[in-house]
Amino acid sequence: LTRAPDDATYYYLRHKFDIALTDGDAHGEGWVERDEGKLRARWKLQLPTGNRLDGEWADAVGTRRLPIRLNLVAPQDAEGQGCGADGALKVAFNAPRVAAQMLTVVATDHRYRAVSVLDGSISMVMLADGMRGAAPFNKAMRAWMGDQVADYYWCMSQLRSGNFRKEREVSLHSGSWLVVQERYEVYCGGAYPAGGIAGFETWNLAAGKRVDPWSWIRGGKGEYGGTAPGNLNALILANATRNKGTDDCKDDVDSNNSYLLRPAERGLVFSTSFAHVIQACNEDIELAYSKLMPFLTREGKLAVASLMQVPPLEIPKQVR
């Protein structure tokens, strides 16, 4: 059970779907389960005794009653973190349903492993043991998959006939540099489904850490998706294709300065990420490393130099 000030969530280990609870009265003494606005069940909880909380569950008309016995699970590093936060409490709440997943693992070659769960609804790539940087990279990928499993069950609890597909694949592997692309196709209710490229992660496997390529740009504001400074943005727009002539995307492209950024074989790729209604205007704008030198920080020049020295590795289709 996880809760915020006025709502809570729980799930049965057997089903794993989120069941929402809301504060039942002004004093917070009761909780109710609702489905599409209809009262389904009511909780009445006693005052906690140590790490235990007892109470009673009753259906909407009160004809069926079951005891509630809750035991507090508090990870040692969870101090100060809310139950809904991306932290230890959230991990503890989701741990049983994440641990219950059956992994499908396929070795695509001696470097990569394709891993999926929930009949392929969530898939990702991992590095084979012994590869440079495999331990921290694989740890991060497993954490990502755990988050997606939790999101999958939340999504399906909103709309059982919904759609949830997320995948991470390698788009570049050059020397100690590796770029992971995340794609998604999700519909959990609402006006329309969402989909496309969620973003990229750039990894320095030699250092065993994720790197923000916006830190390579002088004056660039990033943290894994950011803003190009004016002089660089002018060069990006000059190389765009959807702002030429009478293209309907021209105004939106020319007023944009926010991009997803990743290194590629011959240059940095600035990808527009427009809202759903104009996603058709998105494009990848690649600038050659040689043209970018005046805009790079010292860190950026060192990174680009190492990228240019080693030809990219061929990536199996299964992990693309």
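Author: A303 counts as buried because its relative accessibility is 4%, where buried means under 20% relative accessible area, exposed over 50%, and partly exposed in between, with a 1.4 Å probe and protein chains only. This is a predicted model, in which local features need pLDDT of at least 70, side-chain atom pairs count only at pLDDT 80 or more, and totals for chains, interfaces and linings use all residues. Residues are numbered from 1 along each chain as its sequence is written, and side-chain values use heavy atoms, with hydrogens and water left out.

Reader: Okay, and where does A303 lie?

Author: A303 is part of helix 6, residues 298–309; helices (H or I, at least four residues) and strands (E, at least two) are DSSP runs, numbered from the N terminus.

Reader: Which residues does A303 touch, not counting those up to four places away in sequence?

Author: A303 touches W177 and W216, contact meaning heavy atoms within 4.5 Å. Although A303 and W177 are 126 residues apart in sequence, their C-alpha atoms are 9.0 Å apart in space.

Reader: What about S176, is that one buried or exposed?

Author: S176 is buried, with a relative accessible area of 14%, and it sits in the loop between strand 11 (163–174) and strand 12 (177–187). Its contacts, leaving aside neighbours within four places in sequence, are R132, W203, N204, L205 and A206.

Reader: Going on from there, how do strand 12 and strand 13 pair?

Author: Strand 12 and strand 13 (residues 194–204) run antiparallel and are joined by 10 bridges, two strands being paired if DSSP finds at least two bridges between them. Y184 stands opposite G196 in strand 13. The two strands make a hairpin with six residues between them, and G189 in the turn has a positive phi of about 105°.

Reader: And which strand does N204 face?

Author: N204 stands opposite K209 in strand 14. Strand 13 and strand 14 (residues 209–211) are antiparallel, with three bridges, and they form a hairpin with four residues between them, where G208 in the turn has a positive phi of about 70°.

Reader: Changing topic: what is the order of the open sheet of four strands?

Author: The order is 15-16-17-18, with antiparallel pairing, and the edge strands, each pairing on one side only, are strand 15 (226–227) and strand 18 (284–288). Helix 3 (residues 230–238) packs on that sheet, touching strand 16 (258–263), strand 17 and strand 18, and its direction makes about 115° with that of strand 18; such angles run from 0 to 180 degrees between N-to-C directions, the axes being lines fitted to C-alpha atoms, for helices over the stretch in contact.

Reader: How many residues are in the largest nonpolar core?

Author: The largest nonpolar core has 31 residues, and those with the most contacts inside it are W216, L232, I236, L268, F270 and L292; a nonpolar core is a set of buried Ala, Val, Leu, Ile, Met, Phe, Trp, Tyr and Cys residues joined through side-chain atoms within 4.5 Å. Among the elements that each supply at least two residues of this core are strand 12, helix 3 and helix 6. A second, separate core of 29 residues includes V125, F164, V180 and I315.

Reader: Last one: how many helices and strands does the protein have?

Author: The secondary structure comes to six helices and 18 strands, and buried residues make up 42% of the 320 residues.
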